[in-house]
Amino acid sequence: MSQSDTREKIITCKAAVAYGPGEPLVVEQVQVHPPQKLEVRIKILFTSICHSDLSAWQGENEAQRAYPRIFGHEASGIVESVGEGVEDLKEGDYVVAIFNGECGECRYCKCEVTNKCEKFEVNPMKKVMVGDGKCRFATADGKPIYHFLNTSTFSEYTVLDSACVVKLPAATEVDLIKKLTLLSCGVSTGVGAAWNTAEVHSGSTVAVFGLGSVGLAVAEGARARGASKIIGVDINPDKFIKGRALGITDFINPRDEEKPAYERIRDLTGGGVDYSFECAGDVDVLRDAFLSAHEGWGLTVVLGIHPTPRMLPIHPMELFQGRRIVASVFGGFKGKTQLPHFAQQCINGVVKLDEFITHELPFDQINEAFQLLIAGKSLRCLLHF
């Protein structure tokens, strides 16, 4: 069916629907309504699974539960149709979805030091569209299906606010679009944390705690900026094989010996690293990351999602030793205005995107893809329709 045949009509297509916490996703036919004012409907070409999808699917935070729901927030696709008022996108554009939108009009979007957006910030509680508070998805018998993280990419077609859609550079080779899918979340988050948030510089030392996709993207970003030593910390020794390809020079498994990881990092670096990154979502790991940063100037960047109610494990007086701590969302990128340039840098080979794609599966095998992530066997498994 051509785009002109579907414009302004309800599309019936395949999606993976969650009906309860931890229950296998049900791949079924759903209805996707046309985009409304300032909205875009896209045909998904590739989507992948991130740990945020995993924790949401497992229902770790009861307050964020909503069913039925379509998860997914990392994807590339092609614009099928646009709603009233959308001027920067048109039918046929190749795009990526972004969970941290940029409206371009609010006080946050106009502020140069933040990538937060007043309307389209990261909000796992939000389950409907901003414009009218309704869903664009429905079951075959017309019951609403909730949205997730401004995106809901586990569907052959999805509707997003235009603030959450970024046009890719003109190159349209399918293999390239597949790789650029990773800019939708994981790679942008990790590389951006190294480049934009920490501003890792040539010759600096770095420690990365947690070597999933985001942690390895941090390492890749640090490598691209010329860091002299990049220490990877993870309890899975298999991660070092992939980590070395992405710039990691030293590997620490906290289970190998009783000496804390931060002490071993201080020994390796003569006092601590210039930059440490916590990518595990564990407060004890966060404290290790903080203490591994050098006194006087060390900076710790928090990237892990922390579902527990435990508070920051740092005494205020410890900050007087000169270590700093900050969090990073979507790598500090303003999606609409800055991501296209980053995409071009990736096309030019500044960042090794291929290393992050460990598996590819047809969309019908999405539950198998979740299991690969749970087992620690995949970084990014790309699903295609």
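Helix α4 passes helix α5 in a right-handed crossing, meaning that the near helix is turned clockwise from the far one by less than a right angle. Helices here are DSSP runs of H or I, at least four residues, numbered from the N terminus. This is a predicted model, where local features need pLDDT of at least 70, side-chain atom pairs count only at pLDDT 80 or more, and totals for chains, interfaces and linings use all residues. Residues are numbered from 1 along each chain as its sequence is written, and side-chain values use heavy atoms, with hydrogens and water left out.

α4 covers residues 186-197 and α5 covers residues 213-224; their axes come within 7 Å and cross at roughly 45°. The axes are lines fitted to C-alpha atoms over the stretch in contact, with angles from 0 to 180 degrees between N-to-C directions.

On the α4 side, the contact (heavy atoms within 4.5 Å) includes Gly186, Gly190 and Trp195, and on the α5 side it includes Val214, Gly221 and Ala224. The contact residues divide into 9 nonpolar, 4 polar and no charged, with Gly counted as polar, Ala, Val and Trp as nonpolar, and Asp, Glu, Lys and Arg as charged.

Now the cysteines. How many disulfides does a search of the whole structure find? It finds 0, a disulfide being a pair of cysteine sulfur atoms within 2.5 Å. For cysteine 185, the nearest cysteine sulfur is that of cysteine 50, 4.0 Å away.

Key. Helix = DSSP H or I, 4+ residues; strand = E, 2+ residues; numbered from the N terminus.
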